[in-house]
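Hi everyone, thanks for coming. Have a look at it first, and then we'll talk.

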Amino acid sequence: MPYAHITGWGMSVPAHVLTNDDLSKMVDTNDAWIREMTGIRERRIAAENETTSTLGADAALKALTVANVSPDDVDLIICSTSTPEYLFPATACLIQDQLGASKAGAFDLLAACSGFIYGLNMAAQAIKSGSAKTVLVIGTETLSRFVDWKDRSTCILFGDGAGAFVVQASEQPGGIFGGVMHSDGSGGDSLLLPAGGSKHPASDLTVHTGMHFIRMNGKEVFRFATRVMAKATLDAAEASGWKPEEIDLVVPHQANLRIIDAAARGLKMPLDKMIINLDRYGNTSTASIPLATVEAVEGGRIKPGDKLVFVGFGAGLTWGALAVQWTGPLPTDRKVNLKQNYLWARSRSIYRRIGRIIEGILWGRNA
Ligand SMILES: CC(C)(COP(=O)(O)OP(=O)(O)OC[C@H]1O[C@@H](n2cnc3c(N)ncnc32)[C@H](O)[C@@H]1OP(=O)(O)O)[C@@H](O)C(=O)NCCC(=O)NCCS
């Protein structure tokens, strides 16, 4: 059975920074309160021309570059997001088109802030079963589009961004080991986006009552998160045959510094074994774990051979953890030219669209 290795990584965040002081001009809040209660200093906000798919595709392209893998070699794209561009088509398909990943299947996965862990686990299972050799896992969000900027209890928390990993098959031992995935739908109303789905389709009422914005019971989510993080981390390590003391670093979902601190205490680990970057990005939901990982790898904190546990929780309620021995790019003599590939992907997409228009003219739109 092949092993599933993380061989490429990339991140993409909007340039626009919204600081706590900026927020204090929009709602009744202040920098001291936000820092003390959450640990967040600033977050990134997508520009008008940036979307969930453009951020995701940018992160994916960087991950492919690190792995030295051509988009044509990707068998499957799993895009984890709670802020898809449409209910359908899947954002994964929009990214597939932007990358020109011509042979890839593509689908979205919704497990909120636990989504990247679920997606990585699914990628590893596809590789271990032999059904895929190269999988792109992307976590991407534009939460700022769903935040009520008048609600100080939620708007201080969230930010936009994307992260991506390339997962590849190899006979070398290592990579993604055991994991756990959990859910408890009885807590679904603790954190939700009430309207826009089939239960409450968009209407004047849903718009006027703010049902298209994120709603959250902060205290309930806080209690839930502090209960599950440490246990899930230990369960993932145990499922991989690792003793707790073998864990080199934990990459937790970046929601709140106090939640991460509680998890570290539950694990009897010093806080410096936790990778933390929420001060600069806020809670980017499913993008937070890859964003934190990419920065830690690029900063030299995560090295090949390190034993890591990714652990997250979120709406659903969902939670999960995954044990990973860090790898890095697989050796190859090939050098892919992703810039050229990207231009080719754009032309191919335009060509296909024109082809459809011509087909429509020739055969009639209804044929
Ligand atoms: C959001 C969170 C920081 C709020 O902390 P809390 O202890 O629950 O705070 P409360 O909402 O009870 O508010 C405490 C006080 O601060 C005030 N307050 C709330 N938001 C504020 C803000 N942004 N700025 C200043 N004051 C604020 C409240 O009005 C309240 O004031 P009062 O005591 O005079 O009534 C915390 O609940 C949390 O982090 N929960 C988890 C959320 C999360 O991680 N969600 C994503 C999951 S993926």
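**Starting from one residue**

So, leucine 18 is buried, because it has 20 other C-beta atoms within 10 Å. The rule here is that a residue is buried if 20 or more other C-beta atoms lie within 10 Å of its own, exposed if 12 or fewer, and partly exposed in between, with C-beta atoms placed from the backbone. Before I go on, this is a predicted model: local features need pLDDT of at least 70, side-chain atom pairs count only at pLDDT 80 or more, and totals for chains, interfaces and linings use all residues. Residues are numbered from 1 along each chain as its sequence is written.

Back to leucine 18, which sits in strand β2, residues 17-19. When I say helix or strand, I mean DSSP runs numbered from the N terminus: H or I over at least four residues for helices, E over at least two for strands. What does leucine 18 touch, leaving aside its neighbours within four places in sequence? The answer is Leu23, Glu42, Arg43 and Ile45. Contact means that the C-beta atoms of two residues, placed from the backbone, lie within 7 Å. Leucine 18 and glycine 159 are 141 residues apart along the chain, and 8.9 Å separates their C-alpha atoms.

**Zooming out**

How many helices and strands are in the chain? There are 12 helices and 13 strands. The chain's radius of gyration is 20 Å, close to the 21 Å from the globule rule for 367 residues, so the chain is as compact as a globular protein of that length. That radius is taken over C-alpha atoms, and the globule rule is 2.2 Å times the number of residues to the power 0.38. The C-alpha atoms fill a box of roughly 60 × 55 × 35 Å, taken along the principal axes. Buried residues make up 50% of the 367. If you take contacts between residues at least 6 apart in sequence, 79% of them join residues at least 24 apart.

The chain is divided into domain 1 (3-325) and domain 2 (337-367), with bounds that come from an automatic or database domain assignment. Their centres, taken over C-alpha atoms, are separated by 33 Å. Where they meet, domain 1 puts in 9 residues and domain 2 puts in 7 residues. On the domain 1 side, the elements giving two or more residues are α3 (52-67) and α4 (91-99).

**The core**

In soluble globular proteins, nonpolar side chains tend to be buried together. A nonpolar core, for us, is a set of buried Ala, Val, Leu, Ile, Met, Phe, Trp, Tyr and Cys residues joined through C-beta atoms within 7 Å. The largest one here has 114 residues, and Ala60, Ala63, Ile77, Ala123, Val137 and Val167 touch the most other members. Which helix gives the most to this core? That's α8, residues 218-239, with 10 residues. As for valine 137, if you don't count residues up to four places away in sequence, its contacts are Ile78, Phe116, Gly119, Leu120, Ala123, Ala164, Phe165 and Val167.

**Around the ligand**

Now the ligand. There are 19 residues around it, and Thr29, Arg152, Gly218, Phe222 and Ala255 come nearest. To be near, a residue needs its C-beta atom, placed from the backbone, within 6 Å of the molecule. α2 (31-38), α6 (152-155) and α8 each supply at least two residues of this shell, and α8 gives the most, with 4 residues. The shell splits into 10 nonpolar, 7 polar and 2 charged. In that count, Ala, Val, Leu, Ile, Met, Phe, Trp, Tyr, Cys and Pro are nonpolar, Asp, Glu, Lys and Arg are charged, and the others, Gly among them, are polar.

Phenylalanine 88 and proline 89 are joined by a cis peptide bond, with omega about 5 degrees. Another cis peptide bond joins glycine 316 and leucine 317, with omega about -5 degrees.

Last pair: lysine 268 has a positive phi of about 55 degrees although it is not a glycine, and serine 285 also has a positive phi, near 55 degrees. Buried or exposed? Lysine 268 counts as exposed, because it has 9 C-beta neighbours inside 10 Å. Serine 285 is buried, with 31 other C-beta atoms within 10 Å.
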